[in-house]
Each structure stands twice: as C-alpha cells, then as structure tokens.
Amino acid sequence: MDTASAPPLAAPLDIAFDYTRSLGPVLGRFMTGLRDRRVLGARTADGRVHVPPLEYDPATHTPITELVPVSPTGTVTSWTWTDRPLDGQPLDRPFGWALIRLDGADTALLHAVDAGARESMRTGMRVRVRWAAERSGDIRDIACFEPDSGPPHSPDGTTSGAPGTNGAPAAGADPATSVDPVIGIVTPIRLSYTHTASAEESRYLHALSEGRLLGQRCPACRKVYVPPRVCPADGVPTEEEVPVRDHGTVTTFCVVNVPFAGQRLEPPYVVAQVLLDGADIPIPHLIIGQAGDVRMGMRVAAVWRDRATWTTTPENIAHFRPTGEPDAPYESYQEHL
Amino acid sequence: MNPAVAVIGFAQAPCRPSAGTTSGVETLVPLFHQALSAAHLDRREVDFWCSGSSDYLAGRAFSFVNAIDAIGAYPPICESHVEMDAAWAFYEAYVKILAGEAETALVYGFGKSSAGLLRRVLALQLDPYVTAPLWPDSVSVAALQARLAIDAGVVTEQAMAEVAARSRADATTNPYAQVSGQPTVDELVATPYLADPLRAHDCAPVSDGAAALVLAAGERARRHREQPAWISGVAHRVDPQGLGERDLTTVPSATAAAEAVALPADLDVAELHAPFTHQELLLRTALGLGDRVRINPSGGALCGNPMFSAGLARIGAAAEQVMTGQARRAAGHATSGPALQQNLICVLEARS
Amino acid sequence: MRRAAVLGTGQTQHQTRRTDVSMAGLCREAIDRALADAGVDWPQIDAVVLGKAPDLFEGVMMPELFLADALGAAGRPLLRVHTAGSVGGATGVVATSLVRAGVHQRVLAVAFEKQSESNAMWALSIQPPFTAPIGAGAGGYFAPHVRAYIRRSNAPEHVGAMVAVKDRRNGALNPNAHLRQPEITLESVQASPMLWDPIRYDETCPSSDGACAIVIGDQAAAEASERPVAWIRATAMRTEPTYFAGKDHVNPRAGAEAAQALWQAAGITDPLAEVDVAEIYVPFSWFEPMWLENLGFAEAGHGWKLTESGETRIGGRLPVNPSGGVLCSNPIGASGMLRFAEAAKQVMGRAGEHQVAGAKTALGHAYGGGSQFFSMWVVSETPDS
Ligand SMILES: [Zn+2]
C-alpha cells in the first residue's frame with residue numbers, strides 16, 4: 001500500500017457509563033413522588049409553582065422547601081415532531097416533543113407526547129401522564145404523555161371523569177415523609193464517536209502493520225519522535241522519516257499492583273518508559289520478564305505478536321522483554337526522566 | 001487606566017462536514033501561523049494563550065491538553081482554557097490585557113463536531129436530573145423555541161427562510177463557508193420539515209473547524225497592524241436554563257450584554273452567532289439592531305458552525321470588516337447553551 | 001496594578017460520596033459559607049467563575065449552564081474554566097484578573113467535583129483507538145516520575161511516608177477534611193499496600209465529592225470588609241506540553257518559571273524565609289519534596305531534607321498543607337481552589353485548629369495534567385510586602 005497517500009485512519013470510540021446521581025432534598029422528593037405516581041412542584045416565595053422543581057428560589061436564592069402536588073394532566077405550550085427517534089429517547093416510534101404546563105403549575109416540563117401522528121400535535125392540546133409500568137423514582141417514570149380528552153384534573157389527583165388506564169395516583173403517604181425515599185438516580189450515558197488519527201500517526205500505524213517502528217525528526221529541534229507528531233516544543237510537524245530500533249532502555253517505571261476502573265490488564269504488571277534506540281522521547285510499554293527485576297537503565301526488546309495478526313495498531317507489540325545486555329549508564333537517559 | 005485593546009489578526013479553517021483529526025492539532029498549526037502573520041507577530045511574542053473547546057465533542061477527558069502541542073509550548077507559556085465557545089476565551093484574554101497582565105494574546109477555538117452525533121451529544125448540556133435522561137436533541141429543543149416565537153407572532157416561517165436565503169447568498173463569497181447558494185424563499189419554504197417548524201435550511205450544518213484570533217494592547221496593536229479593530233466593549237450574560245422556566249421568545253442575557261456595552265445604533269455590521277434562523281431574528285430584537293445594520297456578511301453560523309469556535313469566528317469576522325476598512329463599527333456575537341441561554345457581545349471600531 | 005483581596009472562603013464537608021446533595025446543593029454549601037465568611041450578600045456579586053475538571057466525571061456537558069440559576073449567575077456574567085487538575089487555582093486567578101482589570105468589584109469563584117457521579121479512573125482510562133492498552137491509572141502515570149526523583153535526589157525511602165503521616169494528622173485538625181487519621185504512623189503507612197510501586201496506598205489522595213468557593217473583591221470592597229481579608233499579592237500560571245523530547249517530569253520548567261514569576265511579582269526574594277505557610281498540590285506524598293524544589297523553597301535534590309527534618313510540619317520553618325492537603329481531600333476540580341482558599345484562611349487568621357501561628361504570607365499552589373499546568377498565588381495580611 002502507498003502509505004504516504006493513504007487517508008488518515010479512523011476508528012470507532014464508544015464510551016459508556018451508568019452515572020449515579022444523588023438528588024438532594026428537592027429533587028429527591030420530586031423523584032419519590034414520580035415513583036408513587038404523583039407530580040410535585042416547587043413553590044417559590046412569589047407563590048409560583050415550578051415543574052420541574054427548582055432547588056433554589058431564583059429571586060431570593062434561598063433553598064426551596066415547599067413542594068406541592070400538581071395534576072398529571074396539562075397543556076402543551078410548544079411542540080415539535082420527531083420522525084426518527086434517537087437512542088435513549090422516550091419512544092422508539094415517531095413522537096412529539098412538547099413543553100407541557102401541568103394543571104396547577106406555572107412553568108412547563110419538557111417531555112415526549114405519544115400522539116401517533118404530527119397532525120395530532122398542536123399548541124394548547126391537552127395531555128396526560130402515561131406512567132411507566134415499573135417505576136424507580138426517575139423522570140422516566142413518566143413514560144411519556146398522551147393526548148387527553150377528559151376534563152382537567154385537580155392537583156390532588158382526583159378527576160371528575162372516569163379514570164384512564166393510568167388512573168389517579170396511588171394513595172399513599174406524602175413523599176416528604178415516605179419511609180423509602182428516593183435519594184439517587186442512575187443515568188446511563190452511551191455515546192459513539194469516530195476517532196480520526198493524523199496523517200503522520202497513520203503512516204506510523206501502517207509501518208507498524210508491517211512490523212516497523214517509524215520515527216520522524218523535528219525540523220526545528222532535530223529530535224526524533226516516536227510516534228511522529230507535531231513537535232510539542234516547537235509547534236511544527238515532524239518531517240524526515242527515521243527508522244527506529246525495537247530495542248531500547250527503560251528510563252523509569254512503575255509496578256501496578258492495584259485494580260482500577262477501566263483497567264485492561266490484570267495486576268501486577270510493570271509499565272515502563274522505554275527509550276527506543278534512535279528516538280529522543282520514551283514510549284510507555286509493558287515489561288514482562290524476570291518479575292521484580294525491572295530496573296532503571298535496563299535494556300529491553302520488543303516482543304511482537306504473531307505476524308499474521310498485525311494490523312495498524314501499537315498492539316502488534318505485545319510487550320518488551322529484558323535482553324540481558326548490560327544496563328545503560330544513567331547519563332545516557334537522565335535527560336529523558 | 002486600562003489600556004485600549006484591539007484585534008490585530010484573525011484566521012479560520014474552512015468549515016467542512018468532516019475534516020481533521022479529533023485532537024485538532026494538525027488544523028491548529030497552520031491556523032496559528034496565519035493569524036500571527038496577519039498580526040505581524042512571532043509566536044514567542046504572545047504573552048497569553050487562551051482556548052475554548054469541549055471534551056464531549058471529542059469523547060474523552062482532557063481533550064484540550066493535546067491541542068497545546070500545536071502551540072510549541074516550550075519554553076513554557078502563560079495559558080488558560082475555557083470549556084466554552086472560544087468567544088469566552090477571547091473575553092478572558094481581553095481581561096488579562098485590561099488588567100495589565102499581558103500585552104498580546106492569541107485566542108483559539110477548535111472542535112470536531114462530526115466525531116459524534118452532535119445533536120445527541122448536546123442533550124448532555126440539559127439538566128441531568130429531569131431533562132437529559134430523555135435525550136432531547138438540540139434541533140428539537142431549538143424547534144420548541146421556534147414554535148413559541150411563531151405562536152407569539154415574533155417570527156414567521158417566511159422570515160426564517162429569508163434569513164436562510166440571505167445567509168446562503170452571502171456565503172457564496174466566503175471561501176470558509178460550508179453551505180452557500182442562491183435559493184429563493186419560495187423554494188426553501190416548500191421543503192419538508194426537519195423538526196417542525198424547522199426545516200433543514202433553518203438549522204446550521206454540522207461543521208468541523210477552528211479559529212484563531214490575536215489581541216494586543218494600545219501601542220503594541222498600532223505597531224503591528226495598520227488598522228486594528230479596537231474593542232470598545234465586551235460583555236456577556238447567562239440566563240437560567242430551564243426551557244419551561246424562561247420566556248424563550250426573548251433573550252434577556254443578550255439584551256443585558258448589549259446594554260452593558262452600550263451597543264451603538266450606528267453599527268455597520270453585526271456578525272450574530274445564530275445556529276438557527278429564528279434565533280437570528282430573536283437576537284436582532286434582543287440586541288435592538290435596526291434594519292440599517294448589515295447582518296452576517298460572512299453567511300454566519302447557518303453556513304458553517306464549527307462548535308466551540310463559531311462564536312469566536314463571529315468576532316473575528318466582525319474584526320476583519322474593521323481591519324479591512326469595510327466597516328467603521330462592527331459587532332461580533334457569540335452564544336452558548338440550549339435556546340440562546342448564554343450570550344456575549346463585542347463591539348469593534350476603527351480609530352484614526 | 002489594581003489590588004484585589006480574598007474577602008471570604010467556604011468549602012463543603014468533603015467525603016467519598018455526598019449522597020445527600022445534588023450538584024447544585026454541593027456547590028451552594030460552599031458558596032453560602034463563602035458569602036457568609038465574606039459578609040457579602042447576593043446583590044453584591046457581579047460575576048461568577050466556575051472551575052471544574054473534565055465533564056465526563058459528572059456526565060454533564062458544561063454543567064455551569066444548568067447550574068447557572070442555582071449558582072446565582074443568572075443575569076450575570078458566568079465563565080467556566082477547565083485547566084485539568086490546576087483548574088481550581090486557575091479559576092481563582094481568572095477571578096482575580098476580573099477584579100484587577102477593574103471590570104468587577106466582587107467576583108464569586110466556585111470549583112467543584114462530584115466524583116461519585118461516576119468514576120474518575122474510568123473517565124481517565126478511556127482509550128482512544130490506535131493506542132496500546134497499557135493504562136496504569138492516575139498513580140501509574142506519576143509513579144515513574146517519583147521513582148526518577150528518588151533516584152536523582154538519593155532521598156531516603158521513608159520521606160514519602162513521612163509526608164503522608166504529617167498530612168493525614170493535619171487533616172485530623174480540619175473539620176472539612178475527607179480523611180482524618182490522627183492515629184496514623186510511619187509504620188502503618190509503610191505497612192499499607194504498595195499500589196503503584198514506589199507509591200503506597202496511604203501515600204495516595206482519596207476520591208472525594210466536594211466544592212470550594214472564594215469571594216474576591218477590589219480594594220474598596222476589601223477596605224469595607226469588617227473582617228480581615230487576604231490581599232492577593234501575586235498570581236502566576238504557566239503551561240508546557242504533556243510530553244516532548246527532553247521534558248523534565250520531576251522538576252518541570254513550567255512550574256519553576258511560574259514560581260519565579262510569582263515570587264518576583266510579589267517582591268519575594270527568599271521564599272523559604274518570607275513565606276509562612278504553603279498549601280501545595282500534593283496528590284501523592286512524594287510530590288511534597290518535588291514541589292518544594294520546583295517552587296524554589298529548596299535547591300534541586302534537597303527538598304526532601306526540609307520534609308525529613310520536620311520543617312514542613314505545623315510549627316516548622318515552612319508548614320506545608322496544614323489543612324491536610326490533597327492527600328486528605330481530593331474533589332479534583334476543587335482541589336486547587338482549596339489550596340488557594342486554605343492559604344487565604346491562614347493569613348486571615350481563620351484556619352481554626354490548623355492555623356499556623358502568626359501566618360502573614362501564604363502560598364496557594366495547584367498543578368494538573370502531566371505535571372504541565374501550574375497556577376499559584378501569594379496572599380498576605382497586608383496589601384504590600
Ligand atoms: Zn522540535
């Protein structure tokens with residue numbers, strides 16, 4: 001392959017974590033209410049009721065303490081339509097997003113409306129909460145809203161008409177005094193990216209797929225960088241290609257004995273800074289050999305994986321091993337610590 | 001007591017649907033050279049560097065750290081970073097010069113908006129307890145604002161299309177623009193909705209890009225640039241986020257910022273950072289811009305919206321108007337957050 | 001240049017998981033305490049500057065946006081600073097510049113991290129494509145540099161443990177500290193597990209939820225204060241790249257140059273003699289002697305001697321981290337601001353049980369990234385030297 005003209009390499013980068021959020025007193029009572037099929041609003045000093053609740057009064061800056069029930073029915077104040085729902089959104093079929101002012105509230109909540117078709121959505125339409133079958137104390141306990149033709153509900157949840165399938169809130173204690181209050185929520189966040197490498201890095205990776213280590217020299221400071229990159233000291237791209245040996249010297253190292261989140265290797269293992277022969281900057285890598293025998297100045301060599309598995313990745317080098325040569329003198333690598 | 005401060009150089013990368021590395025380093029290197037050569041300044045003469053970017057755009061923590069490699073930051077430099085559009089990095093640098101802590105500064109913003117699904121990533125700017133878990137995307141959130149403005153009679157779909165048509169026509173002479181053309185308003189309003197009432201032309205494209213801008217104090221600015229764009233005022237404000245809490249048809253933070261800089265009525269040009277057509281209309285009202293003011297001769301963010309540098313690029317485009325003598329007085333505006341939550345305005349002028 | 005002063009500081013009760021508060025509640029705990037300490041009410045605050053480390057830690061993109069109202073920033077200017085681990089300090093520096101530039105009279109600087117929302121080690125271990133899977137964790141990044149320091153300075157092995165004992169005992173004097181271990185001994189530290197050889201468990205910082213807030217005022221505001229203020233004599237920030245050929249990871253030039261600039265701006269010629277107390281960012285015990293050298297309190301290779309001879313204890317020539325420091329509380333984004341605030345508390349005489357007697361001049365220091373971002377300030381009980 002003509003690696004010089006090959007396009008820069010790109011690959012997926014997926015990140016995922018279930019975030020654990022603690023709620024504090026106001027949001028905790030709000031979420032506890034949702035679990036119990038009640039919507040609570042926060043009342044500010046001016047008497048206004050905010051849904052979703054505010055934690056602090058915008059005018060007085062004091063913590064809000066008064067939560068009051070509002071109705072599960074309300075009025076759409078604005079809306080839009082989604083033909084192709086995205087990952088994580090409340091519905092997996094076309095739906096409307098709406099700002100909804102619940103009866104008894106003075107502000108609007110953003111949520112989804114399961115209206116079937118765009119033509120069913122309009123400003124001023126009446127909607128009601130559709131509760132999730134299983135609720136944990138989370139905004140998604142409101143599965144979505146649905147069009148409502150019944151009469152307005154009063155904030156205590158009673159209705160003058162026949163109850164719908166989701167009916168009135170479950171009877172029960174005020175969430176403020178609930179014996180099992182919700183104090184936290186779990187929010188999964190999963191995102192997919194495409195990570196794009198630079199042209200220099202791509203050439204380095206292509207060389208790796210052929211079992212070669214490629215360095216480049218900075219035209220300003222003349223230092224050889226592995227992998228090639230914009231020289232961080234001079235702010236100019238490295239240019240002249242310099243082959244680098246897969247032998248080098250351990251400048252310094254650390255023995256990792258501790259497990260941690262995101263770790264990909266099983267402790268204990270040794271991560272060392274390896275100054276490859278011909279390079280002016282060390283690379284971090286694993287040293288596997290005589291356990292407990294790794295030293296500053298130790299001479300090491302790359303252990304490549306089976307040639308058949310080589311691709312455009314640094315993982316082609318499994319680790320480094322001690323060569324048994326005499327240690328490099330301290331002076332030869334002290335500038336690289 | 002404070003020194004006068006001016007913009008003396010600006011450069012931007014072309015806005016493209018997908019360009020450059022995730023780190024931004026390779027894009028920034030030539031950009032710094034262009035901005036510094038426009039300012040007749042050597043990088044070693046820059047007293048303060050300040051950047052704006054976002055880890056969530058790149059999908060990894062500390063993404064801005066790598067970008068510092070593009071500077072050549074050894075010997076060490078004075079440097080800072082905001083997790084905001086670089087327009088706010090511009091503000092930080094401006095303050096540093098005002099305080100007498102620096103005489104020159106280079107400000108830059110960068111981001112690869114195309115690395116993830118941008119409109120979904122931006123859902124993470126919303127309240128993490130009651131809103132973000134529903135993943136409302138940024139286009140839908142803007143659509144809710146647009147409908148409120150239409151229902152309130154503040155904007156019309158026709159007026160929104162007029163903004164798009166004018167922007168695209170202006171962008172035909174802007175080599176950095178991603179979108180341009182000569183559509184008629186009738187053609188535009190005949191297209192289908194993307195997120196009712198927004199059509200594709202109402203929404204900024206997803207753009208990769210970067211921008212860099214050079215600032216200098218008083219005498220230093222005069223020495224390096226024949227016609228510096230002098231900053232007569234910069235201010236910024238933020239509104240509460242709650243989408244159902246505030247009146248989304250007004251932009252109090254933009255109005256307050258305009259009042260703080262005493263935004264002059266006799267502006268020649270205003271470069272507004274409005275990623276959606278209705279937002280330009282809301283901003284014109286909020287800022288009190290009359291019909292005489294030429295809006296977005298660059299085509300604006302609707303024709304290229306590189307996240308975290310598009311706001312800085314508006315200031316840069318306004319400054320270019322002054323530095324090239326096309327305008328005596330120009331304003332650059334930047335926004336951040338959902339539905340125009342946070343706004344910055346900068347007034348630039350020629351001085352003899 | 002105009003003068004600026006710390007009018008008051010506030011901080012949370014730091015702990016592993018603050019399950020009792022939201023992010024807004026965490027910030028407000030620190031903010032409300034800072035306003036009370038400063039004797040300042042909301043209408044007097046002109047602007048808010050918020051500092052925080054990576055957004056992936058909380059899973060919120062630019063959290064200052066949703067927090068704007070709760071932070072009291074609505075209708076005001078709001079800036080969000082992110083300079084990696086040094087951000088708490090950088091936030092204080094940016095707020096100081098806003099006052100020194102004459103833009104504002106009183107600025108509220110806030111920094112927080114709610115590490116328990118996720119796991120910092122996870123967020124930092126996200127491996128981009130095309131890199132080798134050889135993550136060593138936060139301690140694994142710094143441990144090789146500690147090893148290099150020990151090799152270079154010939155420091156005796158117990159110095160790291162001595163720092164841990166001192167800081168954890170100091171933390172026991174600080175009611176806000178996350179770790180408070182009055183019973184800790186050299187032997188117990190040395191018996192703790194070796195996590196990232198040569199760094200032991202007891203020599204590492206905890207993972208904390210916490211926040212810090214500082215009210216910074218101009219000269220008029222400072223003079224109007226009924227309580228003592230901490231005058232900001234000088235600030236400094238310096239940056240260098242993470243890696244480059246010839247980088248000195250043990251004694252980074254950016255830190256040394258920031259310190260030189262700081263001492264010069266403050267009119268300090270002999271830091272060891274003229275500074276009464278230092279709050280230095282020490283996330284792993286060995287960084288105390290390393291930073292003592294980098295900051296110019298000791299010659300290169302000799303910092304450990306100050307530690308070993310007990311001079312960095314409360315009562316020594318230069319008490320370092322009387323609050324217990326990062327080794328006792330580490331809400332990452334706030335950790336730097338805590339150093340700045342603790343320095344101010346010392347010269348305001350408001351450090352309680354961990355007060356250094358007669359402290360008139362103090363250093364607050366923070367660093368971040370790969371020992372590449374440095375921010376620091378010097379505060380004094382009087383405006384001039
Ligand atoms: Zn170089």
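Residues are numbered from 1 along each chain as its sequence is written, and chains are lettered from A and ligands numbered from 1 in the order in which they are written. Because the model is predicted, local features need pLDDT of at least 70 and side-chain atom pairs count only at pLDDT 80 or more, while totals for chains, interfaces and linings use all residues; side-chain values use heavy atoms, with hydrogens and water left out.

Let's start with the zinc ion. Which protein atoms hold it? The donors (N, O and S atoms within 2.8 Å of the metal, or 3.2 Å for Na, K and Ca) are SG of Cys218(A), Cys221(A) and Cys231(A), plus OD of Asp234(A), at 1.9 to 2.3 Å. Along the chain they follow the spacing C-x2-C-x9-C-x2-D. The arrangement is tetrahedral because the four donor atoms subtend angles of 104 to 115°; the term asks for all angles between 85 and 135 degrees. For comparison, the ideal angle for four tetrahedral donors is 109.5 degrees. Cys231(A) and Asp234(A) are both buried, meaning under 20% relative accessible area with a 1.4 Å probe, protein chains only.

Next, please find strand E17 of chain A, residues 269-276. Strands here are DSSP runs of at least two residues, and helices (H or I) of at least four, numbered from the N terminus. Eight of the eight residues of E17(A) are buried. Tyr269(A), Val271(A), Gln273(A) and Leu275(A) point one way, and Val270(A), Ala272(A), Val274(A) and Leu276(A) the other.

E17(A) has antiparallel partners; strands pair if DSSP finds at least two bridges between them. Eight bridges join E17(A) to E16(A), residues 247-256, with Val256(A) opposite Tyr269(A). Five bridges join E17(A) to E18(A), residues 283-287, where Leu286(A) partners Val271(A).

Finally, the cavities. A cavity is a set of points on a 1 Å grid over the protein atoms alone where a 1.4 Å probe fits but cannot get out, and lining residues have an atom within 4 Å of a point. Volume is the space filled by probe spheres set on the points. The whole structure has eleven cavities of 30 Å³ or more. The largest holds about 450 Å³ and is lined by 26 residues, with Pro53(A), Leu54(A), Asp127(B), Gly242(B) and Phe66(C) nearest its centre.

Key. On a 1 Å grid over the protein atoms alone, a cavity is a set of points where a 1.4 Å probe fits but cannot get out, and a pocket is an open set with protein on both sides within 12 Å along at least five of seven lines; lining residues have an atom within 4 Å of a point. Four donors count as tetrahedral if all angles lie between 85 and 135 degrees; four count as square planar and six as octahedral if opposite donors are over 155 degrees apart and all others between 65 and 115; anything else is irregular. Buried means under 20% relative accessible area, exposed over 50%, partly exposed in between (1.4 Å probe, protein chains only).
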